[in-house]
Amino acid sequence: MTELEGRSAVVTGGARGIGAAVVAALAKEHISVVIGDLLEPEGTALADSLGAGALFRRLDVTDEAGWRAVLDDAEAEFGPLAVLINNAGIVDFGGIESESPAMFRHVVDVNLYGAWLGMHLAAPRLRAAGGGVIVNISSTAGLIGYAGVGGYVASKWGLRGLTKAAALELGPANVRVCSIHPGPIHTPMTEQMDESVAAAQPLARFGEPEEVAAMVRFLVTEATYSTGSEFVLDGGATAGQVVGLPGETR
Ligand SMILES: NC(=O)c1ccc[n+]([C@@H]2O[C@H](COP(=O)([O-])OP(=O)(O)OC[C@H]3O[C@@H](n4cnc5c(N)ncnc54)[C@H](O)[C@@H]3O)[C@@H](O)[C@H]2O)c1
């Protein structure tokens with residue numbers, strides 16, 4: 001994207017994990033970024049390490065007033081909004097019978113409503129600025145089902161669908177909207193997960209946050225004809241099931 005100079009980006013959940021890698025990748029492209037997150041010390045430290053082109057603002061993505069303040073600050077500090085990365089997310093472990101109603105709602109609130117609110121408030125600004133890019137961090141849980149994380153799966157499928165609706169509405173305004181679907185990535189969110197989760201994938205390893213950030217960078221700066229599409233980085237996990245031929249070992 002060539003229209004990034006003198007414009008701003010907002011990355012939610014940018015204080016750590018995938019979001020922090022995205023912030024660093026955008027900063028490397030000389031894109032000025034506001035990090036919106038609940039984690040103040042981590043977010044401030046990251047912004048400080050990146051210099052004048054980054055700043056931290058405390059943001060709960062479910063809070064409309066907070067969103068307005070972050071978007072206002074981004075535009076006041078760095079120029080009209082060009083990029084929104086809806087990355088903030090949480091997971092709750094619990095089956096259909098065991099997850100509490102409150103937690104189901106909370107997961108959907110943060111992962112889906114939070115991203116909707118961001119797009120709802122950012123879209124008029126992107127439109128007014130002549131265009132921009134929105135990247136929504138969904139998951140392979142937005143492509144297939146997983147047992148024991150129903151709220152998370154519902155939120156990530158929702159975000160995938162919302163991405164398409166937004167792309168259809170905003171395309172004529174030169175605003176591209178895509179979703180990214182990572183498989184297991186090494187971050188604080190997956191700290192408790194066993195590495196064997198990735199064992200059956202064609203690429204039998206976890207991904208790294210920088211690998212997701214590289215996809216975000218590509219979507220923001222180069223994928224000028226892509227909108228409404230899913231971009232998958234999952235080590236091949238959703239390619240199908242490995243059956244194995246007789247006598248074959250992996
Ligand atoms: N790590 C993985 O394996 C993986 C795989 C697929 C998708 N994802 C998605 O990638 C995104 C980033 O995940 P991660 O692995 O880096 O997790 P993480 O827990 O390391 O980071 C998530 C960030 O979001 C912030 N956050 C949480 N709730 C928030 C709220 N209400 N308002 C603002 N910020 C909030 C957290 O403070 C944290 O900094 C999430 O949407 C997650 O669902 C992660």
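The model is predicted, so local features need pLDDT of at least 70 and side-chain atom pairs count only at pLDDT 80 or more, while totals for chains, interfaces and linings use all residues. Residues are numbered from 1 along each chain as its sequence is written, and side-chain values use heavy atoms, with hydrogens and water left out.

Start with the record. An unreviewed UniProt entry carries the annotation "domain: Ketoreductase" for residues 7-187. UniProt positions follow the numbering used here, feature names are shortened, and annotations may be inferred rather than shown by experiment. Over residues 7-187 the chain is 48% helix and 20% strand. The end C-alpha atoms of that stretch are 29 Å apart. Helices (H or I, at least four residues) and strands (E, at least two) are DSSP runs, numbered from the N terminus.

Next, look inside. A nonpolar core is a set of buried Ala, Val, Leu, Ile, Met, Phe, Trp, Tyr and Cys residues joined through side-chain atoms within 4.5 Å. Buried means under 20% relative accessible area, exposed over 50%, and partly exposed in between (1.4 Å probe, protein chains only). The largest nonpolar core has 35 residues. Val22, Leu26, Ile85, Val135, Ile180, Val216 and Val220 touch the most other members. Helix H1 (residues 17-28) gives the most to this core, with seven residues. Another core lies apart from it, with 26 residues, among them Val34, Leu81, Leu117 and Ala173. In soluble globular proteins, nonpolar side chains tend to be buried together.

Now follow H1. Nine of its twelve residues are buried, so H1 is largely enclosed by the rest of the structure. Among the buried ones are Gly17, Ala21, Val22 and Leu26. Their cover includes strand S1 (8-12), S2, helix H2 (40-50), S4 and H6. Contact means heavy atoms within 4.5 Å. Beyond its neighbours within four places in sequence, Val22 is in contact with Val11, Ile85, Ala213 and Val216.

Helix H6 (residues 209-221) comes next. Its expected span is 1.5 Å times one less than its number of residues. For 13 residues that gives 18 Å, and the end C-alpha atoms of H6 are 18 Å apart, which agrees. The buried residues of H6 include Ala213, Val216 and Val220. The buried side packs against H1, strand S4 (81-86), strand S5 (132-137), S6 and strand S7 (230-233).

Two loop residues stand out by their phi. Most residues other than glycine have a negative phi. His30 has a positive phi near 65°. His30 sits in the loop between H1 and strand S2 (32-37). It is exposed, with a relative accessible area of 75%. Asn174 also has a positive phi, of about 65°. Asn174 lies in the loop between helix H5 (150-170) and strand S6 (175-182). It is partly exposed, at 43% relative accessible area.

Finish with the rings. Rings of Phe, Tyr and Trp (its six-membered ring) pair if their centres lie within 6.5 Å; planes under 30 degrees apart count as stacked, over 60 as edge-to-face and the rest as tilted. The whole structure has one aromatic pair. Tyr113 and Trp116 form it, stacked, at 5.9 Å centre to centre and 25° between the planes. Both lie in helix H4 (residues 101-128), three residues apart.
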